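Work through the exercises below with the structure in view. Try each task before reading its solution.

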Amino acid sequence: MEGTATVAIRATQPLTRFDLDLSSTLHVCSVTINGHAVAYAHRADGELVITPQRLIAAGTRVSVAVAYGAIIRRPPVVNGFSTGLIPTADGVVLSAEPTGAPTWFPCNDLPHDKATYAVNLTVPRGLVGVSNGLPVGKRTTGNTTAYQWRTNDPMAPYLAEIAVGNYRVITRSAMGVPIYDYIDRDIPSGRQRKIDAVLAKVPQMMRYLSGQFGPYPFSSYGHIVDKDLQAGASMENQTRTLLMTDEADEATVAHELTHQWFGDQVALGQWRDIWLNESLATWGEWLWRHHSTTDHESLAASYREAVRDMSGSWQTVVTDPGADDLFSDAVYARGGAMLYRLDRLIGDSAMSTILHQWVSMHRRQPASTAQFVTLATRVSGRDLSGLFEPWLFQPGKPRGA
């Protein structure tokens, strides 16, 4: 891989130097600020330390261009996941959450530091280059094809996606939103038919979830399904969800679509609050699973299943799971179970109001657990500490669970 990243930066304080996050697996060739070469040091810990020729005053905007390259090698598996660029039989796919963004471009790798993106991918002719947002150009020259993508909705670094592969493309739409699906041609035909059948339901899912949470927040949507994504995980990249072939089922698709509201539009302020992403996406998954009935007993079945499957995860504190448990059952199932209990305690109408207001209040802004608790308390008009304390802030199995 060879690339140049141009990063538009606004200094929030006077800068004699600043850092960008860039994996040490990448080789930096040059760094410029506003077109002028500057000094830099690329440390083994993944910090690219840039020293401008003169002080950058607070409020100043500068353009930083970094040229770099690498031989892409499969990242290690940690806690069951590979994070970063993953080479495939015919290209590459990115599994970025939580720290994979710097394996392909320099950034300020924080979940709340959003930016708009323009991604230009030049790939071998016959392959397809995919990223977030909308496709705005394609040109074949000789043995290569250049694909251009634009994301005008601000996006966190870990949600930025690239993939290159032998994909077939399916296009559809919902509520005026174009949907682009990229399916690996090497997936066995029987499995492809099942995946196609699930993805065909996405327009219906989008209409239903928009009724639950508010209008779909972005200008496009779609999926990448790559058969060589084995040690990664399905991932809610903004507007372009990544799916493992064995996870391309209705529940997972609904879960990742719900993330477009919770996690993508409403960002995390810090990783310890990841339950705000995953528990709310679990709730959306449960709502879709039981959307054809208003019988709360069917929704209760998901709650009981979650509680039963928690097993050894009861000791993990939902609001501070630690790095090794960011994607544990506590973050998904325990938080989802708490939302079910909240819904039963305050009623469907108040729950709907909370989720709609949560999305509208924090549109494009980072959010925290404290803000969710405050909103739920205000909307319900009740003291909810008896629910939130044992379910979110304390280890151990809550009484009555």
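**Exercise 1. Elements and overall form**

How many helices and how many strands does the chain have? Then judge its radius of gyration against that of a compact globule.

*Solution.* The model is predicted.
Step 1: count the elements. The chain has nine helices and 22 strands.
Step 2: take the chain length, 401 residues.
Step 3: The C-alpha trace spans about 60 × 55 × 40 Å along the principal axes.

**Exercise 2. Burial, contacts and surface**

Find what percentage of the residues is buried, and describe the contacts and the surface.

*Solution.* 
Step 1: apply the cut-off. Buried means under 20% relative accessible area. By that rule, 55% of the 401 residues are buried.
Step 2: turn to contacts between residues at least 6 apart in sequence. Of these, 66% join residues at least 24 apart.
Step 3: take the accessible surface, about 17100 Å² for the chain. Carbon and sulfur atoms account for 49% of that area.

**Exercise 3. The largest pocket**

Describe the largest pocket: its volume, its centre and its lining.

*Solution.* 
Step 1: the volume. The largest pocket holds about 1400 Å³ of space.
Step 2: the centre. Its lining has 47 residues, and Ala5, Thr6, Val7, Phe105 and Pro106 lie nearest the centre.
Step 3: the elements. At least two lining residues come from each of strands S1 (2–10), S2 (18–21), S7 (61–69), S10 (84–87) and S12 (115–124). S12 gives the largest share, 10 residues.
Step 4: the classes. The lining has 29 nonpolar, 11 polar and seven charged residues.

**Exercise 4. The second largest pocket**

Which helix gives the most to the lining of the second largest pocket? Work up to it from the volume.

*Solution.* 
Step 1: the volume. The second largest pocket contains about 1000 Å³ of space.
Step 2: the centre. Its lining counts 40 residues, with Phe81, Ala233, Glu278, Phe327 and Tyr332 nearest the centre.
Step 3: the elements. Strand S9 (81–82) and helices H3 (250–258), H4 (275–289), H5 (296–309) and H6 (329–346) each supply at least two lining residues.
Step 4: the top contributor. H4 gives the most, with five residues.
Step 5: the classes. This lining divides into 15 nonpolar, 12 polar and 13 charged residues.

How values were computed. Residues numbered from 1 in each chain as written. Predicted model: local features only at pLDDT ≥ 70, side-chain atom pairs only at ≥ 80, totals over all residues. Heavy atoms only, no water. 1 Å grid on protein atoms, 1.4 Å probe; cavity = no way out; pocket = protein on both sides within 12 Å on 5 of 7 lines; lining within 4 Å. Points joined across faces, edges and corners; volume = space filled by probe spheres on them. Helix = DSSP H or I, 4+ residues; strand = E, 2+ residues; numbered from the N terminus. Nonpolar A, V, L, I, M, F, W, Y, C, P; charged D, E, K, R; others polar. Rg over C-alpha atoms; globule rule 2.2 N^0.38 Å. Buried < 20%, exposed > 50% of the residue type's maximum accessible area, 1.4 Å probe, protein only. Contact = heavy atoms within 4.5 Å. Areas by Shrake-Rupley, 256 points an atom, 1.4 Å probe, with all protein chains shown as cover.
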